[in-house]
Amino acid sequence: MIELLAVLSASAAAGLRIALPLLVIGLLQTDLWSRVPFLSRFSPQVVIGVLVSWSLFEIFASKKLLGQRILQIIQLLFSPFVGAIMGLAIAEATNVEPRLFWIIAIVSGLLALVLQLVQTGLFYRLRGLPVWVIVGQDILCVFLVIFAFDAPQQGGLIALLLLWLSIRISKEWYRWYKKQGNAGERNPRRYKREPD
């Protein structure tokens with residue numbers, strides 16, 4: 001159970017950022033990249049260089065509206081993949097049975113995708129996220145990776161809380177869209193321009 005909470009904590013971090021959690025997990029466990037799928041195919045110097053560059057881009061570009069728009073598209077595409085990598089990395093570090101790796105990869109990827117989908121929806125609904133939210137995401141991302149190793153129970157609970165919030169927000173969106181649809185049926189002139 002502790003290992004599962006650690007996996008959830010790490011994959012939730014991948015749902016917030018892509019390169020930053022991979023960089024932090026590599027700095028905490030220097031030999032871990034050599035055992036992580038996909039990343040182990042590249043030299044550590046190349047991996048560090050790419051992750052540092054992309055992490056800096058994530059940190060600074062996310063403070064601007066255009067940067068947020070670019071990052072949302074990229075993170076939405078790659079978050080399931082990075083979530084699976086993070087989950088497998090934690091599973092490898094905590095000596096989880098190898099026969100469970102494919103389940104961990106699927107669950108981790110789905111959790112990261114769900115969190116990223118909600119962020120993307122909030123971005124387009126609010127037309128950009130405030131800077132304090134972006135800074136909070138950066139800090140939370142780092143702490144979730146640290147918690148995955150040092151305090152998996154707390155990290156896992158935070159991940160489950162983020163998942164619960166995502167589900168609540170999704171339900172509110174569904175109600176809002178349904179209400180908008182019903183309003184359009186009752187009053188079509190508001191949504192369709194009359195011919196001259």
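Tyr 124 is partly exposed, at 45% relative accessibility; that class lies between buried (under 20% relative accessible area) and exposed (over 50%), using a 1.4 Å probe and protein chains only. The model is predicted: local features need pLDDT of at least 70, side-chain atom pairs count only at pLDDT 80 or more, and totals for chains, interfaces and linings use all residues. Residues are numbered from 1 along each chain as its sequence is written, and side-chain values use heavy atoms, without hydrogens and water.

**Aromatic pairs**

- Rings of Phe, Tyr and Trp (its six-membered ring) pair if their centres lie within 6.5 Å; planes under 30 degrees apart are stacked, over 60 edge-to-face, and the rest tilted.
- The count is 3 aromatic pairs.
- Trp 54 and Phe 57 make a tilted pair, with 4.9 Å between centres and 35 degrees between planes.
- These two residues sit 3 apart in helix H3 (residues 44–61), so about one helical turn separates them.
- Trp 54 is partly exposed at 25%, and Phe 57 is partly exposed at 33%.
- Phe 123 and Tyr 124 pair edge-to-face, at 5.0 Å centre to centre and 80 degrees between the planes.

**Helix H6**

- Helices are DSSP runs (H or I, at least four residues), numbered from the N terminus.
- H6 covers residues 131–150, 20 residues in total.
- From first C-alpha to last, H6 reaches 29 Å, close to the expected 28 Å; the expected span is 1.5 Å times one less than the number of residues.
- Buried residues of H6 are Ile 134, Gln 137, Asp 138, Cys 141, Leu 144, Val 145 and Ala 148.
- Seen down the axis, the buried residues of H6 fall within an arc of 125 degrees, so they line one face; the arc uses directions from the helix axis to the C-beta atoms.
- Exposed Trp 132 and Asp 150 lie on the face of H6 turned away from the buried side.
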